[in-house]
Amino acid sequence: MTPQDRQDAAALFVLRLGLIWFIFLWAAHKIILPNQYRSLARNFDGVDPSVFQVYGLAVGQIVLCVLALVGIARLYSYGALLMMHAFTVSRRWEGFLDPFALNERGTFPIHRNQVIDLAVLAAFIALVLLRHRDHFSLGAWLERHGGGPRWWT
């Protein structure tokens, strides 16, 4: 591995850890406070999931986070996290049209989280596009030592 390969791999490792931590916190929050997520699902999506469904979604997200953390099945694990986040962003598009809106007292930007969501979405897109440079992952290690690309890369 060249010094540039190691630098790229280190940058992608840091990016991957940060993005996974971001999604993992939301998934863990669903386990800790499932009724809050149920309320969000009712208000944003018009659905009323059961607590069991919320737990199932959270466990699925945590499994994807673990797969992405070790960097296995990178196209699928990174891509699934990207799609989950893209779905979240698509539900909040109104805030992007008015990014400087303030609360009723004029003191706090109310669409700040939407701006953060866009930055995270861009980072996920970059991670998926650069996954072949993510050398500090189990998938890349298996590819180097297993004779070529496989499903786990």
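## Salt bridges, helices and a nonpolar patch

In this predicted model, D8 is partly exposed, with a relative accessible area of 21%. D8 pairs with R133 in a salt bridge whose closest N and O atoms are 2.6 Å apart. Because D8 belongs to helix α1 and R133 to the loop between α6 and α7, the pair ties together parts that are 125 residues apart in sequence. D5 joins D8 and R133 in a network of salt bridges.

Side chains of opposite charge can pair when their charged atoms come close. The count of salt bridges in the model comes to seven. Three of these pairs are listed here.

| Salt bridge | N to O distance | Separation in sequence |
|---|---|---|
| D8 and R133 | 2.6 Å | 125 residues |
| R16 and D134 | 3.0 Å | 118 residues |
| D45 and R91 | 3.1 Å | 46 residues |

The R16 and D134 side chains meet at 3.0 Å, N to O. R16 lies in helix α1 and D134 in the loop between α6 and α7, so this bridge ties together parts that are 118 residues apart in sequence. Are these two partners buried or exposed? R16 counts as buried, at 1% relative accessibility, and D134 is buried at 0%.

For D45 and R91 the N to O distance is 3.1 Å. D45 is placed in helix α2 and R91 in the loop between α4 and α5, so the pair ties together parts that are 46 residues apart in sequence. D45 is partly exposed, with a relative accessible area of 30%; R91, at 21%, also counts as partly exposed.

Helix α2 covers residues 34–45, and its end C-alpha atoms are 16 Å apart, which agrees with the 16 Å that its 12 residues should span at 1.5 Å a residue. P34, R38 and A41 are the buried residues of α2. Seen down the helix axis, they fall within an arc of 60°, so they line one face of α2. An α-helix has 3.6 residues a turn, so residues three or four places apart point the same way. The cover over the buried residues of α2 includes α1 and α3. After α2 comes G46, with a positive phi near 70°.

Helix α4 (74–90) has 17 residues and reaches 23 Å from its first C-alpha to its last, close to the expected 24 Å. Its buried residues include R74, Y78, L82 and V89. Which helices do the buried residues of α4 pack against? They pack against α1, α3, α5, α6 and α7.

Two residues of α4, H85 and V89, are both buried and in contact with D117. D117 is found in helix α6 and is itself buried, with a relative accessible area of 6%. Leaving aside neighbours within four places in sequence, its contacts also include F22 and R92.

The loop between α3 (51–70) and α4 holds A73, which counts as buried at 9% relative accessibility. Most residues other than glycine have a negative phi, and most peptide bonds are trans. The phi of A73 is positive, near 50°. A73 is 67 residues from A140 in sequence and 9.7 Å from it in space, C-alpha to C-alpha.

Helices α1, α3 and α7 each supply at least two of its residues, and α1 gives the largest share, three residues. L17 of α1 is partly exposed, with a relative accessible area of 33%.

Conventions:
Residues are numbered from 1 along each chain as its sequence is written. This is a predicted model: local features need pLDDT of at least 70, side-chain atom pairs count only at pLDDT 80 or more; totals for chains, interfaces and linings use all residues. Side-chain values use heavy atoms; hydrogens and water are left out. Helices (H or I, at least four residues) and strands (E, at least two) are DSSP runs, numbered from the N terminus. Buried means under 20% relative accessible area, exposed over 50%, partly exposed in between (1.4 Å probe, protein chains only). The expected span of a helix is 1.5 Å times one less than its number of residues. The arc is that of the directions from the helix axis to the C-beta atoms. Contact means heavy atoms within 4.5 Å. A salt bridge is a side-chain nitrogen of Lys or Arg within 4 Å of a carboxyl oxygen of Asp or Glu.
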